[in-house]
Amino acid sequence: MFSKVLISNIKHNSFQFRQSFNSNLLSKIRINNNYTLINFNLQRNFSNQNNFNEINKKVDSHSIKPSNAEYHRHSTRNYNCSKEKLKEIELSFEGLKHLQPKTISDKLAFYTVKLLRKMSNLVWKEKYIHYACVLETIAAVPGMVAGMLHHLRCLRKIEHDTWIKSLLDEAENERMHLMTFMEIAQPSRFERFLIVIAQFIYWHFYLICYIFSPRISHRMVGYLEEEATKSYTNMLIDIDAGKLSNCPAPNVAIQYWGLPPDSTLRDVIIVVRADEADHRDVNHKLSHIIDDHQMLLNQQHKYSHKID
């Protein structure tokens, strides 16, 4: 009798142990990354946003490719910005340069950008930070699309392509602009929805455009960056006039550009505008290179016909 009771107790305890052990297996995932075990609690519903942010921080701190202070900075020329360098960047700004559209394709690119600007003004008007979020969402698309297509072309033709790194750096730089302004603006759900829609439309539009005409595509980005430099110049004017709050710079901006710890929004706008001016000049130059290359091909074609 005693043995039966003992056996039943052992079975009951072993069942409880298996049940608790299985539940623990279902609630935890062990990932071996550089011999480090990371436990993730699989919760379907987070009680608040702070829990979700804590999970993200835990994942980021154990990323496969560890990040450091220099990880993202190679995508911008304006890094390790001391107070003296910020002043130098502001004084060296060449102003609102504009490439006058001459050909039909240039005019098409120019007026497409103007239309996009007017559409965004209908929603945000002088809400500069919120407008910057939408602008950077769109501006981060061309570099990734063009870099992706050049990357695939490089793989197909098995030849080196020096444009890929520059294009992907541009996309990364614009993404960091977006991350900076998102921390300041804290856009509403409706504004986030508009950002998603704008990105979805522009991604497909630019992809089709680049497949058929890389020259027009780069020209369009050049004009888009011209509008960006105008917007950030107006932001600086309003900050100096007291119309826009000169809040402290977000930590993501301080780390990315290497800004002083006491930097403000004005310092961030100075380096962002300098980045946009670089993108403006680079994309106009790429469009010129494609144009010159096409002219050279046409001349070679005509010369070959004369020889025949």
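I looked up the salt bridge between the side chains of Arg266 and Glu90, with N to O at 2.8 Å; the term needs a side-chain nitrogen of Lys or Arg within 4 Å of a carboxyl oxygen of Asp or Glu. Arg266 lies in helix 10 (residues 265–307) and Glu90 in helix 3 (residues 83–91), 176 residues apart. Helices are DSSP runs (H or I, at least four residues), numbered from the N terminus. My search of the whole structure gave 15 salt bridges.

The model is predicted, so local features need pLDDT of at least 70 and side-chain atom pairs pLDDT 80 or more, while totals for chains, interfaces and linings use all residues. Residues are numbered from 1 along each chain, and side-chain values use heavy atoms, without hydrogens and water.

Next I checked helix 7 (residues 189–212) against helix 8 (residues 214–241): their axes, lines fitted to C-alpha atoms over the stretch in contact, come within 6 Å and cross at roughly 135°. Angles between N-to-C directions run from 0 to 180 degrees. Contact (heavy atoms within 4.5 Å) involves residues including Tyr202 and Phe205 of helix 7 and Met220 and Leu224 of helix 8.

Conventions:
Helices (H or I, at least four residues) and strands (E, at least two) are DSSP runs, numbered from the N terminus.
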